[in-house]
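Hi,

Here is the structure I promised to pass on. Have a look at it first, then read my notes below.

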Amino acid sequence: MSNKEYKPTLAQLRTFVTIAEHKHFGTAASKLHISQPSLSQALAALESGLDIQLIERSTRKVIVTPAGKELLPFAKATLEAADAFVSHAEGAHGALRGPLTIGVIPTVAPYLLPGLLPLLKQEFAELRPRIVEEQTEHLLAQLRDGRVDIAILALPTEATGLTEVPLYDEEFVVVTGADSPHAGNRKLSLEALGDLELLLLDDGHCLRDQVIDLCKRADARNASTAHSDTRAASLTTVIQLVMAGFGATLVPLSAVATECDRPGLGLATFAEGAEAHRTVGMAYRASSTRGEEFAALGEMIAQVYAAAVEDSTAVLAK
């Protein structure tokens, strides 16, 4: 029978949540910077106080019990509330400070982080950011599980339980070989995609899906299937393939200064009204109480994006 006066400590709840997330005692202990015996003692104290088994452990695997699965969201909400309490008690109302795990998709991270991280350090000296670069699907899973506090990604995600805030719309730029008849065109039509053999990022990248959607709108069927046996995990690799004559590709405008200021490449932009763009924004759990803080981060992200676009526009003007 459970002790009705028992109140779990935050450390015990954090132990339970970390074990449930990682399903491995060694990994959980490492994440919490404690020994495995201390981890086991904290979990045992929690289970004893509640008179409920939360975790099944054997020599081979760790399983969250049905009762554990039912209580896990409440444990996470309690920890979030405690973190928010400490943040506000430190005078952080509307200000960023303390630990913050920021998830970023790979087609944003290399082009915004070089400007964003120094600015965060300058403006929010007490912030301790941790960066996780992952594809959208993995970021959303980590966001739901509490391993990521906020994600910067293409919107909308159509995921439930999240607050999504658009930050900017970003045009796509076509990258070809320098000898392509489309190189230098500033009024490209969507239908022109049908003339190109487009190289795409590997499955799982939202940019791949966005480009395929553009091809479908333009009825450019060959563009979405070109070099289907080619696999590239980054825009840098795709650009190298374009330089080698394998085909063409599309990149977000913010990537142009970093990826496309190279000899042997031609750049083309779409005509006004072509609607060849993506929306980038931030997403965080709807239960989070840090919306005001995240709004400050969003303003900074938009500021950094504007600077990246200015650099990329200079490259397009060459």
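A salt bridge here is a side-chain nitrogen of Lys or Arg within 4 Å of a carboxyl oxygen of Asp or Glu. Before I count them: this is a predicted model, where local features need pLDDT of at least 70 and side-chain atom pairs pLDDT 80 or more, while totals for chains, interfaces and linings use all residues. Residues are numbered from 1 along each chain as its sequence is written, and side-chain values use heavy atoms, leaving out hydrogens and water.

**Salt bridges**

The structure holds 10 of them. Lysine 76 pairs with aspartate 145, at 3.8 Å from N to O. Those two sit 69 residues apart, lysine 76 in helix H4 (residues 66-89) and aspartate 145 in helix H6 (residues 136-145); helices (H or I, at least four residues) and strands (E, at least two) are DSSP runs, numbered from the N terminus. Aspartate 145 also meets arginine 147, at 3.0 Å from N to O, and so Lys76, Asp145 and Arg147 are linked in a network.

Lysine 76 counts as buried at 17%, whereas aspartate 145 is partly exposed at 27% and arginine 147 is partly exposed at 29%.

**Nonpolar cores**

A nonpolar core is a set of buried Ala, Val, Leu, Ile, Met, Phe, Trp, Tyr and Cys residues joined through side-chain atoms within 4.5 Å. The largest one has 83 residues, and Leu193 and Phe270 have the most contacts inside it. Helix H11 (residues 291-316) gives the most to this core, with 11 residues. Another core, of 19 residues, lies apart from it and includes Ala20 and Leu43.

**Cavities**

On a 1 Å grid over the protein atoms alone, a cavity is a set of points where a 1.4 Å probe fits but cannot get out, and lining residues have an atom within 4 Å of a point. Points are joined across faces, edges and corners, and a volume is the space filled by probe spheres set on them. There are two cavities of 30 Å³ or more. The largest has a volume of about 50 Å³, and H7 gives the most to its lining, with three residues. Among its lining residues are Leu199, Arg208 and Thr249.

Cheers

Key:
Buried means under 20% relative accessible area, exposed over 50%, partly exposed in between (1.4 Å probe, protein chains only). On a 1 Å grid over the protein atoms alone, a cavity is a set of points where a 1.4 Å probe fits but cannot get out, and a pocket is an open set with protein on both sides within 12 Å along at least five of seven lines; lining residues have an atom within 4 Å of a point.
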